[in-house]
Amino acid sequence: MVKNLFISAISQEEKDENKGSVEFQIVSFTNKIRRLTSHLKSHRKDYLSQRGLRKILGKRQRLLSYLAKKNRVRYKELISRLDIRESKTR
């Protein structure tokens, strides 16, 4: 399953210790986003799921911008590990 592949991006010890860390939250949001996008490919008119996807994307974007401001090195490492695009700076 897709979820297991991306959760393994964070080691098991880190996952047990830091479930509230920014990196863990971004990884879990990324898993939800990938699951929802695969769901929406087959259910195009599921508008409630589309709304949920947009909300999760916003939450992940806010967490990514927070991490980029606080620690740029961890941000770059996480972006490359999860294979997602870097956010546009405003």
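Among contacts in the protein between residues at least 6 apart in sequence, what percentage join residues at least 24 apart? The figure is 51%, where a contact means heavy atoms within 4.5 Å.

Before you click around, some ground rules. This is a predicted model, in which local features need pLDDT of at least 70 and side-chain atom pairs count only at pLDDT 80 or more, while totals for chains, interfaces and linings use all residues. Residues are numbered from 1 along each chain as its sequence is written, and side-chain values use heavy atoms, with hydrogens and water left out.

**Stop 1: the whole chain.** Switch to cartoon view and you'll find five helices and zero strands. Both kinds of element are DSSP runs numbered from the N terminus (helices: H or I, at least four residues; strands: E, at least two). Of the 90 residues, 31% are buried; buried means under 20% relative accessible area, exposed over 50%, and partly exposed in between (1.4 Å probe, protein chains only).

**Stop 2: helix H4.** Select residues 47–70, the 24 residues of H4. From first C-alpha to last, H4 reaches 35 Å, close to the 34 Å expected at 1.5 Å a residue (the expected span is 1.5 Å times one less than the number of residues). Now show its side chains: the buried ones are Ser49, Leu53, Ile56, Arg60, Leu63, Leu64, Leu67 and Ala68. Their cover includes helix H3 (22–42) and helix H5 (72–82).

**Stop 3: helix H5.** Next, pick Tyr75, Leu78, Ile79 and Leu82, the buried residues of H5. Look down the axis of H5: these residues fall within an arc of 100°, so they line one face of the helix. That arc is taken from the directions from the helix axis to the C-beta atoms. The buried residues of H5 pack against H3 and H4, while Val73 and Ser80 are exposed on the other side. At the start of H5, zoom in on Asn71: one of its side-chain oxygens comes to within 3.3 Å of the backbone nitrogen of Val73. Just after H5, Asp83 has a positive phi of about 60°.

**Stop 4: the core.** Which residues have the most contacts inside the largest nonpolar core? Select Ile26, Leu64, Leu67, Tyr75, Leu78 and Leu82, which hold that place in a core of 18 residues. A nonpolar core is a set of buried Ala, Val, Leu, Ile, Met, Phe, Trp, Tyr and Cys residues joined through side-chain atoms within 4.5 Å. H3, H4 and H5 each supply at least two residues of this core, and H3 gives the most, with seven.

Finish on Leu64: not counting residues up to four places away in sequence, Leu64 touches Ile26, Tyr75, Ile79 and Ile84.

Methods. Polar contact = N/O pair within 3.5 Å; in protein donor to acceptor, adjacent residues only side chain to side chain.
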